[in-house]
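Okay, thanks for having me. I'd like to walk you through one model today, strands to begin with and then helices. Let me put it up on the screen.

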Amino acid sequence: MTYRAPINDILLSLNHGAGLAAAVEAGHYGDFDGDITAAVLEEAGKFASDVLAPLNRVGDEHGIKLDNGKVTTAPGWPDAYQRWAAAGWNAVSGPEAFGGQGLPLAVNAACTEIWSASNVAFGLCPLLTLSAIEALDAHGSAELKKIYLEKLVTGEWTGTMQLTEPNAGSDVGALRTRAERADDGTYRIKGTKIFITYGEHDMTDNIVHFVLARLPDAPSGTKGISLFLVPKFLVNADGSLGERNDIHASGVEHKLGMHASPTCTMTMGDKGGAIGYLIGEENQGMRCMFTMMNQARLGVGLEGVGIADRAYQQALAYAQERKQGKAVGHKGDGMDPIIVHPDVKRMLMQMRSMTAAARTICYATAVALDVSVRAKDAKVRAEAAARGALLTPIAKAFSTDIGNEVAYLGVQVHGGMGFIEETGAAQHYRDARITSIYEGTNGIQSIDLVTRKLGANGGASVWALLDELAAVIKQVETSNDPAFGTTGAKLRDAHAALERTSRWLLERLASAPNEALAGATPYLRLFAATLGGCMLAGEALAAKANGEAEPQRYVALARFFAENIAVQAPSLEKTVTESAEAVSGADAVLAG
C-alpha cells in the first residue's frame with residue numbers, strides 16, 4: 001500500500017497538543033501566519049505520496065553500491081532528491097538570509113515525520129543536513145557561512161556529522177582523529193570515522209562533512225575536541241568546485257535495515273590530510289556538535305513516529321482486507337475481515353495511540369526549541385530552552401521505542417504474511433531498529449534525562465510541566481464526558497507516580513547515584529507515558545472545543561492510551577524505586 005499523510009491528526013497535534021497555536025497567539029513567532037501550516041503540510045504529503053513512497057521498497061531491495069570510492073544510490077534516488085530540493089523542502093526552516101523560508105522548526109518537524117513515513121532512508125539525508133545548517137549558522141565564521149550555508153540550506157549540497165570511530169562509539173572523548181594546524185589558517189585532518197550516514201552518495205555534487213578531531217596539544221577527553229568543516233570538494237574563490245579533498249569512503253556497511261541509506265567508513269589523510277576549517281573555537285567542538293546532535297535527536301525521534309505511522313496505516317489496510325474467521329455472533333456464510341476481532345482492534349488502537357503520543361511529544365519539543373530562539377522576552381526564551389532540553393531525550397528515546405513496538409505489532413497484525421518481505425511490514429520492522437541506537441542510544445537518553453535534565457534549575461522545568469499536565473487532567477475530569485471513561489483517574493494516578501518518582505530520583509542522585517541510574521530507562525518510559533497521555537487528552541478536549549470533525553474519535557484515542565498505556569505508570573514507579581538493589585545484585589549473575 002502507499003502512504004497518505006494524516007494531515008488532520010498532524011495539525012491537531014501540532015497546534016493544540018504541542019502548543020503551536022498558543023505560541024503563535026502569544027506573539028512568540030512574530031509575524032508567522034499559522035494558517036499556512038496546513039497548506040505546507042498538504043503539499044508535503046502530496047510529494048511524499050507521489051514521489052518518495054514509491055521508492056521506499058525500491059531502495060530497500062536495491063540498496064547502494066560502492067565502487068572505487070564512489071557510492072551509487074538506488075534507482076530514482078538522485079532524481080527524487082533533485083526534485084525535493086528544487087521544490088524548496090530542504091529550506092523550510094532555514095534562515096532567510098541564506099535562501100531559507102524561515103518557517104518554524106515545528107512546521108519542519110511535521111514535514112520530517114512525513115518524509116520519514118514515506119521513505120525513512122531518503123529522509124535521513126536532509127535530517128543530517130539540517131543539523132549541519134544549525135551548527136554552521138550558530139558557530140561558523142562569516143566567511144564559512146558565505147561559502148557553504150546557502151548551498152546547504154537550499155539542499156544543493158548535503159551535510160554529514162562525523163563523530164564515531166572504531167575505538168570510540170558513544171565515548172566521544174576517546175576519539176583519535178587528529179587535526180594539525182597549517183600555516184594558512186586551515187587544518188589537516190587525518191583519521192577514520194565509521195557509521196557515517198550519507199558520507200558518500202551521488203545525489204549532489206558536493207558533501208560538507210562536520211568532523212570532530214583532536215589537536216596535538218589538546219586536553220584529554222571531551223574537553224580537547226574541536227569541530228571542523230571538511231568539504232568533499234574544495235571551493236574556489238568564485239564559488240565553483242575545485243579539487244577533491246583528501247576524504248573518501250573506504251567502505252559501506254551491510255545493515256539489517258535502511259538499505260538505501262549509505263552508511264560509510266570515511267578515511268582522511270591518505271594524501272597528507274583533508275583540508276578542514278575550524279567551526280567555533282579550538283577545543284570547543286563538543287559545544288558546537290551538541291547543536292547538531294540535539295536537532296538530530298529530535299529528527300530521529302520523528303523517524304520513529306514516521307515509521308510507526310506507516311506501519312499502522314499498512315496494518316490497518318491489511319486488517320480491513322484480510323478475511324479470516326468470523327466475528328462473534330456471525331452465523332452467515334463466509335469469513336470476516338480480521339479487523340472485527342477484538343485482539344486485532346486492540347493492536348491497531350495500541351499502534352495508533354502510541355504513534356499519536358510520540359508525535360505530540362516530538363512536536364512539543366520542536367515548539368519549545370522554536371520559542372527558545374524566537375520569543376522576545378528573555379525569560380520566556382530561557383524557560384523554553386529548558387523545556388526543549390528536558391523533552392529532547394524523551395522525544396528521541398520514547399518515539400524510537402514506539403517506532404520499534406508499532407512496527408512489531410504491524411508484523412503481528414499481518415500474521416504469517418508479516419514475516420514475508422513481499423508485504424513490506426518486515427521492512428518497517430528492520431528500518432526501525434537502528435533508531436533506538438544512533439544519535440545516542442536510548443539508554444544514554446535516559447541517563448541524560450535523569451542526571452542532567454531532571455535536576456536542572458532545581459527541577460523547575462519538571463515541576464512546571466507537571467503543573468501544566470495537572471491542569472489538563474482537571475479539564476478532563478470536569479468535562480463530564482462519559483466517553484472519556486476513566487481517563488481522568490488513570491492520568492491522575494500516572495501524574496502522581498511521575499511526581500513521586502521524580503522526587504525520589506533527585507534524592508538518590510545526591511546520595512546513591514547508581515540507584516538513580518538503575519531506574520533511568522523505566523523512568524523515561526514513565527515520564528513519556530504520563531506526558532503522552534495528558535497531551536492526547538488535551539488534543540481531545542481541543543477537538544471538541546474547536547468543532548473538529550468527529551471529535552469523539554480523538555476522545556476514544558486518548559481514553560485507550562490512558563487506560564492501556566498510561567495505566568502502567570504506577571508499576572513503572574515501583575520498577576524505578578525498587579529496582580536498584582536487584583540491579584546492584586546482578587554482578588553475581590553476570591559474572592558467568
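So, let's start at strand S5. Three bridges join S5 to strand S12, residues 274-279, and the two run antiparallel. In that pairing, Tyr187 has Gly276 of S12 as its bridge partner.

Quick housekeeping before I go on. This is a predicted model, in which local features need pLDDT of at least 70 and side-chain atom pairs count only at pLDDT 80 or more, while totals for chains, interfaces and linings use all residues. Residues are numbered from 1 along each chain as its sequence is written, and side-chain values use heavy atoms, with hydrogens and water left out. As for terms, helices (H or I, at least four residues) and strands (E, at least two) are DSSP runs numbered from the N terminus, and two strands pair if DSSP finds at least two bridges between them.

Back to S5, which covers residues 187-197 and pairs with strand S4, residues 178-181, in the antiparallel sense over four bridges. Arg178 is bridged to Lys190 in S5. What sits between S4 and S5? They form a hairpin with five residues between them, and Gly185 in the turn has a positive phi of about 90°.

S5 also pairs with strand S11, residues 263-268, antiparallel again, over five bridges. There, Ile196 has Cys264 of S11 as its bridge partner.

Now the helices. Two packed helices are described by the angle between their axes and the distance between the axes. The axes here are lines fitted to C-alpha atoms, for helices over the stretch in contact, with angles from 0 to 180 degrees between N-to-C directions.

Take H8, residues 342-374, and H9, residues 378-414: they pack at about 160°, with their axes 7 Å apart. That makes H8 roughly antiparallel to H9 (under 35 degrees is roughly parallel, over 145 roughly antiparallel, 65 to 115 roughly perpendicular, and the rest oblique). The crossing of H8 and H9 is left-handed, meaning the near helix is turned anticlockwise from the far one by less than a right angle; clockwise would be right-handed. By class, the H8 contact with H9 has 24 nonpolar, nine polar and three charged residues. For those classes, Ala, Val, Leu, Ile, Met, Phe, Trp, Tyr, Cys and Pro count as nonpolar, Asp, Glu, Lys and Arg as charged, and the others, Gly among them, as polar.

Next, H7, residues 285-321, and H10, residues 425-433: their axes come within 10 Å and cross at roughly 165°. So H7 is roughly antiparallel to H10. The contact (heavy atoms within 4.5 Å) is made by Ile307, Arg310, Ala311 and Gln314 of H7 with Ala425, His428, Asp431 and Ala432 of H10. Those residues divide into four nonpolar, two polar and two charged.

How do H13, residues 487-511, and H17, residues 569-578, cross? Their axes come within 8 Å, at roughly 15°, so H13 is roughly parallel to H17. H13 passes H17 in a left-handed crossing. Among the residues making this contact are Trp504 of H13 and Pro570 of H17.

Last thing, the rings. Phe, Tyr and Trp rings (the six-membered ring for Trp) pair if their centres lie within 6.5 Å, with planes under 30 degrees apart stacked, over 60 edge-to-face and the rest tilted. The count comes to 12 aromatic pairs. One of them is Trp77 with Phe122: centres 6.2 Å apart, planes at 65°, so edge-to-face. Trp77 lies in H4, residues 77-86, and Phe122 in H5, residues 105-139, so the pair ties together parts that are 45 residues apart in sequence.
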